[in-house]
Amino acid sequence: MLGEYITRSFAERIEDLEEYKQTHGHLNVKIHEDNSLSQFCAGIRHSLKQFEKDGTRKLTEERMARLDALGFEWTKSLEASVDAATPAHEK
């Protein structure tokens, strides 16, 4: 349905990341390829930054370990995200 928002579990998102990595060979999820998964990754990175800033933990050690095992890119910068979203002909 148009406009319907579907919530995916963390386990489902891990599966999505595994599939993305198999297809693309990396986990640098680009907005124009999968906006929802890209936003999930950005939220994960934000959670880590929030923890580093004030100690507020939203990710369990188990979840962080699952992401680490996949080779998740924890430090991808905002500039890289914007650059990745920019079509090559606009760069």
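Analyst: Let's begin with a term: a crossing is left-handed if the near helix is turned anticlockwise from the far one by less than a right angle, and right-handed if clockwise. By that rule, α1 passes α2 in a left-handed crossing.

Before going on, a word on the basis: this is a predicted model, in which local features need pLDDT of at least 70 and side-chain atom pairs count only at pLDDT 80 or more, while totals for chains, interfaces and linings use all residues. Residues are numbered from 1 along each chain as its sequence is written, and side-chain values use heavy atoms, with hydrogens and water left out.

The chain has four helices and zero strands (DSSP runs numbered from the N terminus, H or I of at least four residues for helices, E of at least two for strands). Along the sequence, the pattern reads α-α-α-α.

Back to the α1 and α2 pair. Their axes come within 11 Å and cross at roughly 115° (lines fitted to C-alpha atoms, for helices over the stretch in contact, with angles from 0 to 180 degrees between N-to-C directions). These two helices are therefore roughly perpendicular (65 to 115 degrees; under 35 is roughly parallel, over 145 roughly antiparallel, the rest oblique). On the α1 side, the contact (heavy atoms within 4.5 Å) is made by Phe 10, Arg 13, Asp 16, Leu 17 and Tyr 20, and on the α2 side by Ser 36, Leu 37, Phe 40, Cys 41 and Ile 44. Sorted by class, that gives seven nonpolar, one polar and two charged residues (Ala, Val, Leu, Ile, Met, Phe, Trp, Tyr, Cys and Pro are nonpolar, Asp, Glu, Lys and Arg charged, the others, Gly among them, polar).

Now turn to α1 and α3. Their axes also come within 11 Å, but cross at roughly 10°, and the two helices are therefore roughly parallel. Here Phe 10, Ala 11, Ile 14, Leu 17, Glu 18 and Lys 21 of α1 meet Arg 63, Arg 66, Leu 67 and Leu 70 of α3. This contact divides into six nonpolar, no polar and four charged residues.

What lies inside? The largest nonpolar core has 17 residues, of which Leu 17, Phe 40, Ile 44, Leu 67, Phe 72 and Trp 74 touch the most other members (buried Ala, Val, Leu, Ile, Met, Phe, Trp, Tyr and Cys joined through side-chain atoms within 4.5 Å; buried is under 20% relative accessible area, exposed over 50%, partly exposed in between, with a 1.4 Å probe and protein chains only). Two or more residues each come from α1 (10-24), α2 (35-54) and α3 (61-70), and α2 gives the most, with five. Leaving out residues up to four places away in sequence, Trp 74 touches Ile 44, Arg 45, Leu 48, Leu 59, Met 64, Leu 67 and Asp 68.

Thr 75 is exposed, at 76% relative accessible area. In the loop between α1 and α2 sits Asn 28, in contact with Tyr 20, Glu 73 and Lys 76, neighbours within four places aside.
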